[in-house]
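Thanks for making time this morning. I would like to walk through a few surface features, and I will give the cut-offs as the terms come up.

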Amino acid sequence: MSREEIPRNESRTRLKTWVLGTAIAVIALTVGSVFGDRGILNLVGKRRQVEVLRAELEELRAENARLSSEIAALRTSPRAIERLAREQLGLARPDETVFLIREEDAPARR
């Protein structure tokens, strides 16, 4: 072997090693960026979760507004208090007769 052949073989080996190492690093970074804790798939899942939580927040805000208006009505309106007493407590005035209608399930009617 001549002296010129030895460096060529070493440089080819070094080049192959460098290319292989670079390819492994690129593959590892790609896999990590797609499937890792901070990867694209995790990001998409978190965005979906944020949208679900935003929708839930809007529902809770609407319910809160409804309950606030009901509280205000109960504080100021005798009719609202009477309605609530009739619906939830089953109360009636002394001169009224209350009829309770029971509904049966569809299979029980046969």
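Let me begin with what I mean by a helix: helices are DSSP runs of H or I with at least four residues, and strands are runs of E with at least two, numbered from the N terminus. What you are looking at is a predicted model, in which local features need pLDDT of at least 70 and side-chain atom pairs count only at pLDDT 80 or more, while totals for chains, interfaces and linings use all residues. Residues are numbered from 1 along each chain as its sequence is written, and side-chain values use heavy atoms, with hydrogens and water left out.

With that in place, please look at helix α3, residues 78-89, where glutamate 82 and arginine 86 lie four residues apart, about one turn of the helix. Their side chains meet in a salt bridge with an N to O distance of 3.0 Å, and by salt bridge I mean a side-chain nitrogen of Lys or Arg within 4 Å of a carboxyl oxygen of Asp or Glu. For exposure, I call a residue buried under 20% relative accessible area, exposed over 50%, and partly exposed in between, with a 1.4 Å probe and protein chains only. Glutamate 82 counts as partly exposed because its relative accessibility is 27%, and arginine 86 is partly exposed because its relative accessible area is 32%.

Helix α3 also holds arginine 83 and glutamate 87, which are separated by about one helical turn because they are four residues apart. Arginine 83 forms a salt bridge with glutamate 87, with the closest N and O atoms 3.3 Å apart. Here glutamate 87 is exposed, at 55%, whereas arginine 83 is partly exposed, at 37%.

Moving to helix α2, residues 40-76, glutamate 51 and arginine 54 are three residues apart and therefore separated by about one helical turn. Their side chains meet in a salt bridge at 3.4 Å, N to O. How many salt bridges does the rule give? The count comes to seven.

Finally, there is a nonpolar patch on the surface, formed by Ile27, Val31, Phe35 and Leu41, with about 420 Å² of accessible area together. Patches are made of residues with over 30% relative accessible area and no salt bridge, where like charges are joined within 9 Å and nonpolar side chains (Val, Leu, Ile, Met, Phe, Trp, Tyr) within 5 Å. Helix α1, residues 5-35, supplies the largest share of the patch, three residues. Valine 31 is placed in helix α1, and it counts as partly exposed because its relative accessibility is 43%.

Technical notes
Areas by Shrake-Rupley, 256 points an atom, 1.4 Å probe, with all protein chains shown as cover.
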